[in-house]
Amino acid sequence: MSNNQQRLQTIIGQLREMRLTTMADQLHSLYLSEQNHAMTPLDYLEVIVNEEYQIRQDNRIERYRKQATLSHKEAKISDIRYESRRGLRKESIEQLSTNHYIQHHRNVIVQGATGTGKSYLANALVNHAIESGFTGKYYRMTELLNDIDLAEFHGTLDKLLKKLMKVDVLVIDDFLLTSTKEQEQKHLMEVFELRSREKSLILCSQMSAAEWHKKLGGGAIADAILDRACSKSYKLILSGESLRQFDGMDTPI
């Protein structure tokens, strides 16, 4: 084995020891290919670093997607449809796709009848945010309240709330589809208060804000939750008949 080959094997071994396996594989491939021998040291470095960087970015995005537990894992902004019957403006989605609402800690409220594509839209926004480096989490409201109840029972509520606080975009789907109990209202208030400081919510609901107030008990807690939900929010109202009548189950809006 030549001195250069020994040096190459040593470098590759060190890269693997540092868990830079993509860089190690790329360096080995580049060095063995005669057509790359004209490359400068900076060229080599650029290629292997870019490859490692891209792999890590892809892995991070995949990890964030898994953690988000989306109901429509493949939802994409590019697949959103803008038929006039939907009442959805492309300009609104283009504005949201800048992710400025996340950076400025604003909420998005998506309202519309069953089957109009609220969940798909929310999932598409979160997927897009994840691809841009943000984190997200999807919950149906019943699932969120159930997790909070279980955490309170096991004495881990603070841990769960801190976890919810760290997520850049929290989706609550089927928001206030049914009335809430007093303890559930207090739990929701805690979540909304924590999120209102520096994070974003996406709320999907069949109900209007006036109906939300009633389902939250109609008192001071309802006022406080709605203030935090609506005071700095973008609102999208989806109209028309259920998409399921036209395309089958849960198709893009």
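**Figure 1. Arg 140 is partly exposed in this predicted model, and Arg 140 forms a salt bridge with Asp 174.** The relative accessible area of Arg 140 is 32%. The closest N and O atoms of Arg 140 and Asp 174 are 3.6 Å apart. Arg 140 belongs to strand E2, whereas Asp 174 sits in the loop between strand E3 (169-173) and helix H9 (182-198), so the pair ties together parts that are 34 residues apart in sequence. Asp 174 is also partly exposed, at a relative accessible area of 27%.

**Figure 2. Glu 193 and Arg 228 form a salt bridge that ties helix H9 to helix H11.** The closest N and O atoms of this pair are 2.5 Å apart. Glu 193 lies in helix H9 and Arg 228 in helix H11 (residues 220-230), so parts that are 35 residues apart in sequence are tied together. Glu 193 has a relative accessible area of 22% and counts as partly exposed. Arg 228, at 23%, is likewise partly exposed. Side chains of opposite charge can pair when their charged atoms come close.

**Figure 3. Glu 91 and Arg 89 form a salt bridge, one of eight in the structure.** The closest N and O atoms of Glu 91 and Arg 89 are 4.0 Å apart. Glu 91 has a relative accessibility of 48% and counts as partly exposed. Arg 89, with a relative accessible area of 51%, is exposed. The two residues fall into separate classes because the limit for exposed is over 50%.

**Figure 4. Five strands form an open sheet with parallel pairing.** The order of the strands is E2-E3-E4-E1-E5. Strand E2 (136-140) and strand E5 (233-238) are the edge strands, each pairing on one side only. From one strand to the next, the twist averages 15°. Strands of a sheet pair through backbone hydrogen bonds, either parallel or antiparallel.

**Figure 5. Strand E1 pairs with strand E4 in the parallel sense.** Strand E1 covers residues 107-112 and strand E4 residues 200-205. Four bridges join these two strands. Val 110 has Cys 204 in E4 as its bridge partner.

**Figure 6. Strand E3 is covered on both faces.** Five of the five residues of E3 are buried. Val 169, Val 171 and Asp 173 lie on one side of E3, and Leu 170 and Ile 172 on the other. In a regular strand the side chains alternate between the two faces of the sheet. E3 pairs in the parallel sense with E2 over five bridges, and Tyr 139 has Ile 172 in E3 as its bridge partner. E3 also pairs in the parallel sense with E4, over four bridges. Val 169 stands opposite Ser 200 in E4.

**Figure 7. Ile 102 of helix H5 is buried.** Helix H5 spans residues 100-103. The relative accessible area of Ile 102 is 4%, so this residue counts as buried. Leaving aside residues up to four places away in sequence, Ile 102 touches Ala 129, Phe 134, Asp 168, Val 169 and Ser 200. Two of these contacts, Val 169 and Ser 200, stand opposite each other, with Ser 200 in E4. Lys 215 is 113 residues from Ile 102 in sequence, and their C-alpha atoms are 27 Å apart in space.

**Figure 8. Helix H11 has buried residues that are covered by helices and strands.** The buried residues are Ala 222, Ala 224, Ile 225, Leu 226 and Ala 229. Their cover includes strands E1, E4 and E5, together with helix H9 and helix H10 (209-215). An α-helix has 3.6 residues a turn, so residues three or four places apart point the same way.

**Figure 9. Leu 42, Leu 45 and Val 49 form a nonpolar patch on the surface.** Together the three residues have about 280 Å² of accessible area. Leu 42 is found in helix H3, which runs over residues 41-68. At 62% relative accessibility, Leu 42 is exposed.

How values were computed
Residues are numbered from 1 along each chain as its sequence is written. This is a predicted model: local features need pLDDT of at least 70, side-chain atom pairs count only at pLDDT 80 or more; totals for chains, interfaces and linings use all residues. Side-chain values use heavy atoms; hydrogens and water are left out. Two strands pair if DSSP finds at least two bridges between them. Axes are lines fitted to C-alpha atoms, for helices over the stretch in contact, and angles run from 0 to 180 degrees between N-to-C directions. A salt bridge is a side-chain nitrogen of Lys or Arg within 4 Å of a carboxyl oxygen of Asp or Glu. Buried means under 20% relative accessible area, exposed over 50%, partly exposed in between (1.4 Å probe, protein chains only). Contact means heavy atoms within 4.5 Å. Patches are made of residues with over 30% relative accessible area and no salt bridge: like charges are joined within 9 Å, nonpolar side chains (Val, Leu, Ile, Met, Phe, Trp, Tyr) within 5 Å. Accessible areas come from the Shrake-Rupley method with a 1.4 Å probe; for residues, only the protein chains shown count as cover.
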